[in-house]
Amino acid sequence: MQLWLIPVFPFVGFALNGLFGRKLPKRAIDVIAVGSVLLSFLWVLKTLNALGVFAGGNALETAYVEHYFTWIQSGTLNVSIDLAVDRLTAVMLMVVTGVGFLIHVYSVGYMADEGGYYRFFSYLNLFMFFMLVLVLGANFLLLFVGWEGVGLCSYLLIGFYFLEKFATDAGNKAFIVNRIGDFGFSLAIFLVGIHFGSLDFGRVFGQIRDMPVEASPGWITAISLLLLVGAIGKSAQIPLYVWLPDAMAGPTPVSALIHAATMVTAGVYMVARSSQIYLHSTFALDIVAIVGLTTAFFAATIGLAQNDIKKVFAYSTVSQLGYMFVGLGTGAFSAGIFHLMTHAFFKALLFLGAGSVIHALSGEQDLRHMGGLRKQIPITFWTLMCAGVAIAGVPPFSGFHSKDEILAAAYHHAPWMYWVGVLTAFMTAFYVFRALFLCFFGEYRGEHHPHESPVVMWGPLAVLAALSLAGGYINVPRFLEPMFPLAEGGGDQWLVYVSVAAGLGGIALAYLFYVASPKLADSFANAFHALYSLIYNKYFVDELYDATVVRPVVDGSRTLLWRGVDVGVIDGAVNGIGHRARGIGGVLRLAQSGYIRNYAAWMVAGAILVIAMIGLAGGAR
Amino acid sequence: MPPLPQSVPISWYLTLSAILFGLGVAGFLYRRNIITVFMSIELMLNAVNLSFVTFSYKLKQVDGHIFSFFVMVVAAAEAAVGLAIILTVFKNRQTLEIDEVSSLRN
């Protein structure tokens with residue numbers, strides 16, 4: 001079936017553009033970059049079709065694995081380069097290559113006037129390669145390779161405008177914060193290797209499936225929690241979410257592809273992939289749900305008061321990722337993956353639409369300098385509205401279906417989780433429509449002359465808008481049923497009504513505040529000034545981390561490690577050896593007078609000494 | 001007065017060789033003129049030759065003779081090169097004081 005071709009196509013694109021892109025004309029770069037991802041997408045379609053996925057029925061109920069070669073053999077541990085497709089991977093492959101292709105097309109328009117054009121596309125293709133390795137890898141180590149690779153590409157693309165200090169800072173922040181998560185993830189992989197003697201998904205999950213759930217040992221909880229640490233880093237959950245809003249320093253297509261649709265969902269994918277392990281540790285599952293719920297709630301509150309359009313959507317991403325974790329943590333793994341897919345559609349659309357607005361306004365990102373744009377850029381307006389109703393959970397659009405699944409699962413798990421989720425849904429609808437109303441309604445408050453984006457940009461927007469509207473009818477939970485059994489008992493009907501009412505209420509409140517009577521929002525902000533400034537400043541979390549982690553580390557490095565260890569010990573040792581050698585040499589050089597007679601005298605003295613010693617020893621006779 | 005021995009004893013040859021070698025060393029160490037130093041080296045070489053030949057005679061083996069021939073050949077070559085160098089040094093510096101030829105020092 002040649003699964004390896006799926007990731008290799010973008011890799012070839014990366015290699016061609018990366019090596020020769022500087023000399024290639026722009027058209028050729030476009031063809032290579034977009035074409036390689038398109039080929040990859042078509043190959044995914046062909047493969048899945050050959051495996052009978054589109055025919056329905058019970059195709060692909062067990063994973064289809066391709067073994068290539070042994071990678072690492074050490075003692076009893078044997079790690080191979082294996083790629084595998086099962087139903088979960090099939091969903092991920094469609095999302096990654098499909099949305100990835102659309103965003104590549106969009107980037108051709110968005111990046112048209114930017115420097116480093118070939119560099120951008122080669123990074124983007126490299127990202128696709130690693131992301132596909134991540135979802136196709138059939139063991140933990142290969143997943144980890146993709147995991148680190150996408151982290152690298154994320155770093156490179158956040159810092160794409162590397163002449164700007166804030167962009168490189170944001171790149172560093174993303175990379176360093178992710179180190180913490182990856183540390184946990186690698187420990188989890190070690191534990192899996194120790195206890196299962198294998199890293200292969202099939203063998204690990206096969207072994208754990210036969211273990212009794214009730215008496216599962218503590219190390220399973222340890223593995224689950226350490227995997228969760230990795231997922232928290234990559235998927236930007238509390239307490240490691242701080243890198244994602246800053247990651248918006250990268251170009252907007254990057255925000256859409258990496259920091260909304262695909263890479264940040266890798267944590268969700270990984271937890272779902274390891275569902276067998278989590279099902280053996282209810283404690284870890286509860287932690288997943290609580291982390292997700294807290295993140296969903298707090299990120300949503302921060303999103304209420306942001307003025308940068310990309311920041312609003314960034315906090316929205318954090319919040320929606322939290323939703324997915326709620327789904328996973330309440331045992332509704334398929335609902336989490338379902339939301340992952342619909343979120344990929346509407347959040348990619350929100351970011352690309354925001355990019356289209358920014359493009360139209362020649363780089364303006366501040367909502368306070370927008371307004372009234374719906375006449376000037378109607379296509380962007382309508383597509384963004386589609387994304388808005390989808391994320392707000394208005395039936396029958398895509399977000400409604402997936403969010404509903406998660407909320408129903410949350411209610412069956414613990415009703416209070418459902419109510420927090422509903423409150424979050426209300427705030428989600430409010431802040432998204434606040435951004436859209438500020439952007440498209442009222443009077444224009446900026447100076448630039450807005451212009452609609454070219455077709456190469458609004459084409460992908462239109463496709464994503466269609467997917468955002470209708471994507472909810474792709475019945476992912478049913479498709480994933482062989483892997484993740486559906487929760488028993490349908491949700492009560494009133495749960496749906498309440499969550500829909502929350503979404504519509506949020507939209508209505510946003511309309512009241514920002515279209516009907518704009519003064520109300522300001523007076524509201526003034527009335528609750530302390531609360532407003534708390535969320536406006538993002539709960540001062542960055543400042544808190546700065547004071548408790550960053551400063552101590554920097555100061556400690558500077559005074560102890562640099563001035564103490566490095567200058568004192570290491571440099572001291574090296575310089576000390578140098579000084580000592582110089583001192584000894586200073587004594588010895590006295591013997592080197594440069595007078596040939598002195599040397600001769602030394603030789604004579606030596607010869608006499610040798611002869612005398614032989615004589616004393618009673619030698620040669 | 002003891003009777004004269006039948007032939008000259010080995011120790012006499014060796015003593016002569018040692019005296020010649022000592023003279024060569026002393027000349028090398030104490031004389032300043034390059035040519036004298038050079039002659040001292042030749043003296044040392046020939047002192048060694050003498051002891052080679054002596055031992056060859058004593059042990060009834062021809063190796064010592066061959067060695068001394070080698071030494072002579074090398075000494076001849078050395079004399080040719082050495083004298084040429086000395087001539088060049090004198091041409092350039094108008095001196096044969098060995099301590100003045102020290103431009104490589106420091």
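## Close-up views of a predicted two-chain model

View 1. Of the 203 residues in the largest nonpolar core, the ones that touch the most other members are A:Phe127, A:Met131, A:Val271, A:Ile337, A:Ala348, A:Leu349 and A:Cys439. Please keep in mind, here and in every view below, that this is a predicted model. Domain 1 (1-210 + 217-234 + 252-269) and domain 2 (281-536) of chain A each supply at least three residues to this core. Another core, of five residues, lies apart from it, and its members include B:Val25, B:Val37, B:Phe38 and B:Ile98. As a bit of background, nonpolar side chains tend to be buried together in soluble globular proteins.

**View 2. The surroundings of A:Val271.** Let us zoom in on one residue of the core. A:Val271 is among the members of the largest nonpolar core that touch the most others. Setting aside neighbours within four places in sequence, A:Val271 is in contact with A:Leu227, A:Leu228 and A:Ala231, and also with A:Tyr278, A:Val288 and A:Leu328.

**View 3. Where domain 1 of chain A meets domain 2.** The domain assignment divides chain A into domain 1 (1-210 + 217-234 + 252-269), domain 2 (281-536) and domain 3 (558-616). Between domain 1 of chain A and domain 2 of chain A, the C-alpha centres are 25 Å apart. Their contact takes 31 residues from domain 1 of chain A and 38 residues from domain 2 of chain A. On the domain 1 side, the elements that give two or more residues are helix H3 (87-110), helix H8 (218-234) and helix H10 (252-261) of chain A. H3(A) provides the largest share of that side, with 12 residues. Sorted by class, the domain 1 side has 20 nonpolar, eight polar and three charged residues.

**View 4. Chain B on its own.** Three helices and zero strands make up the count for chain B, and along the sequence the pattern reads α-α-α. Chain B is more spread out than a compact globule, because its radius of gyration is 18 Å, well over the 13 Å that the globule rule gives for 106 residues. The C-alpha trace of chain B spans about 55 × 35 × 25 Å along its principal axes. Of the 106 residues in chain B, 11% are buried. Among contacts in chain B between residues at least 6 apart in sequence, 47% join residues at least 24 apart.

**View 5. The contact between chain B and chain A.** Seven residues from chain B and seven residues from chain A take part in this contact. The chain B side that touches chain A has four nonpolar, one polar and two charged residues.

Technical notes: Residues numbered from 1 in each chain as written. Chains lettered and ligands numbered in written order. Predicted model: local features only at pLDDT ≥ 70, side-chain atom pairs only at ≥ 80, totals over all residues. Contact = placed C-beta atoms within 7 Å. Nonpolar A, V, L, I, M, F, W, Y, C, P; charged D, E, K, R; others polar. Core = buried A, V, L, I, M, F, W, Y, C linked by C-beta atoms within 7 Å. Buried ≥ 20, exposed ≤ 12 C-beta atoms within 10 Å, placed from the backbone. Domains from an automatic or database assignment. Helix = DSSP H or I, 4+ residues; strand = E, 2+ residues; numbered from the N terminus. Rg over C-alpha atoms; globule rule 2.2 N^0.38 Å.
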